[in-house]
Amino acid sequence: MTAGPLRRFVRLSLLSAVVFSVGPRPRPVAAVELDLAGFLSRFAASDPVTAVSAGTLRAAEADVAVAGARPNPGVSWQRAHVDPARDGAPEDDLVLTVPLELFDPTGRRESAVAAATAGVDAARARTVFDGLESRAAAAVRYFEVVHRCARAASATTAATGLAKMAADVRARANAGDVAPYDAERLEIEAATVVDDGALDAAACQAGRRALGRAIGEASVEPTTPLLPPATGTVVLDVGAAVAAHPRVVAARAELRAAELSVERARSGWLPEIRLSAGARRAESVYGYVAGVDLDLPLSERSPGETPVAEAGLVRATAEVRRVERTVAMEVERTSAELEARRGALARATERLPRVEALLPRALSAWQAGERPIAELLDAWHLTHEARLRVLDSGHAARQAMLEHLHASGRAPEEM
């Protein structure tokens with residue numbers, strides 16, 4: 001997350017360039033209308049990341065069962081017959097062998113189970129974070145489509161108005177009231193707007209199909225508006241956000257698992273001891289057999305286990321510090337970014353009515369012969385760009401909201 005937790009999601013953009021002309025926005029065949037929450041719900045249900053995370057969690061839970069497995073006792077039967085040629089009596093031994101480890105005298109199994117349980121906690125936290133990350137990426141793509149569709153619609157409106165203005169000027173030029181240059185200038189400008197809007201329209205349609213593909217539909221019609229609410233939750237308590245963040249929870253669980261692994265490794269110096277007891281029969285006489293079997297403690301039970309576990313503990317400790325610092329920095333950075341983007345959107349929205357009021361005045365001045373066509377076009381450009389700036393600022397604010405939610409470990413549905 002150092003370079004921005006959502007920046008790599010932007011590389012996954014589903015928008016591709018195909019030829020499409022600006023006009024009344026066509027609705028894709030069998031388009032499904034979905035707001036952001038509805039789309040993310042459908043997306044999560046079919047997201048491969050969910051299945052992968054579920055498999056990882058099941059594997060971690062299986063490790064708990066493996067760690068808690070007890071060694072099996074053994075039973076044996078042996079027959080010894082010494083000097084059978086001289087009528088030696090055969091002897092039968094029936095022996096039960098019980099490993100002392102069955103009772104966990106060193107606490108190795110208990111530590112192993114605790115470490116594996118901490119591993120389950122870490123896996124569960126990683127599963128939560130992976131789901132948040134995947135849905136955040138899907139939300140980024142959703143609003144990219146909304147943004148491109150909104151720009152295409154704005155270009156359609158602008159091109160339609162400019163084309164109408166050009167037609168009126170052409171009629172006046174044909175009547176000799178104005179110079180043909182004025183009509184040609186407006187017609188060329190209208191064609192340029194159509195060309196610019198065609199790219200956004202193409203990306204809009206391609207993006208809708210891509211969103212549909214992500215949930216098994218032909219196409220998706222996003223219904224959540226591009227412009228975000230003027231206010232919203234911003235994390236101010238960085239410490240609380242860090243403590244509850246799934247990445248931090250996972251890292252701390254992994255640290256606990258590493259500590260318990262070291263504890264288990266250090267308790268392994270005791271050699272394995274196996275106790276045996278049973279019955280012996282020689283002809284019709286019964287007796288008993290008993291014994292102790294143990295490994296010579298020339299080295300650890302698992303050589304190298306302790307230094308490996310200690311190295312893992314060092315790594316886990318450093319990882320907790322790294323993740324905590326990274327999360328804190330990202331929460332603070334995205335908080336400032338979100339506030340700045342909201343401010344930019346507010347200023348662009350507040351300025352738009354003033355800009356739009358200039359165009360009728362410029363048109364009246366040109367019609368009265370008081371201003372040249374260049375000033376009319378300048379006013380039109382200013383209006384068109386101001387409308388696009390509101391859309392672009394709204395999109396940037398949406399992205400900043402998503403990034404801030406993701407940095408603080410919250411779901412994109414909270415937008």
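**Entry 1: helix 3**

I looked up what covers the buried residues of helix 3, and the cover includes helix 4 (108–174). Contact here means heavy atoms within 4.5 Å, and buried means under 20% relative accessible area, with exposed over 50% and partly exposed in between (1.4 Å probe, protein chains only). Helices (H or I, at least four residues) and strands (E, at least two) are DSSP runs, numbered from the N terminus.

The model is predicted: local features need pLDDT of at least 70, side-chain atom pairs count only at pLDDT 80 or more, and totals for chains, interfaces and linings use all residues. I number residues from 1 along each chain as its sequence is written, and side-chain values use heavy atoms, with hydrogens and water left out.

I then listed the buried residues of helix 3, namely Ser 53, Leu 57, Ala 60 and Ala 67. They lie on the same side of helix 3, because they cover an arc of only 80 degrees around the axis; the arc is that of the directions from the helix axis to the C-beta atoms. On the face turned away from this buried side I noted the exposed residues Pro 48, Ala 51, Val 52, Arg 58, Ala 65 and Val 66.

I also checked the length of helix 3 (residues 48–67): its 20 residues should span 28 Å at 1.5 Å a residue, and the end C-alpha atoms are 29 Å apart, which agrees. The expected span is 1.5 Å times one less than the number of residues.

**Entry 2: the whole protein**

I recorded 10 helices and 6 strands in the protein. Buried residues make up 42% of its 415 residues. Among contacts between residues at least 6 apart in sequence, 79% join residues at least 24 apart.

**Entry 3: Pro 225**

I located Pro 225 in the loop between strand 4 (219–222) and helix 6 (238–244). Pro 225 is exposed, at a relative accessible area of 53%. Leaving aside neighbours within four places in sequence, I found Pro 225 in contact with Phe 143, Val 146 and Arg 398. The C-alpha atoms of Pro 225 and His 147 are separated by 9.2 Å, although these residues are 78 residues apart along the chain.

**Entry 4: salt bridges**

I searched the whole structure and found 28 salt bridges, each being a side-chain nitrogen of Lys or Arg within 4 Å of a carboxyl oxygen of Asp or Glu.

Asp 200 forms one with Arg 148, and the closest N and O atoms are 2.6 Å apart. Asp 200 lies in helix 5 (residues 180–215) and Arg 148 in helix 4, so the pair ties together parts 52 residues apart in sequence. I read Asp 200 as buried at 8% relative accessibility, whereas Arg 148 is partly exposed at 22%.

Arg 274 pairs with Asp 293 in a salt bridge, with the closest N and O atoms 3.0 Å apart. This pair links distant parts of the chain, 19 residues apart: Arg 274 is in strand 5 (residues 273–282) and Asp 293 in strand 6 (residues 285–294). Asp 293 counts as partly exposed at 40% relative accessibility.

Arg 333 forms a salt bridge with Glu 330, the closest N and O atoms being 2.9 Å apart. Both lie in helix 8 (residues 305–356), 3 residues apart, or about one turn of the helix. I noted Arg 333 as partly exposed at 26% relative accessibility and Glu 330 as buried at 3%. Finally, I traced one network in which salt bridges that share partners join Arg 148, Arg 151, Asp 200 and Asp 392.
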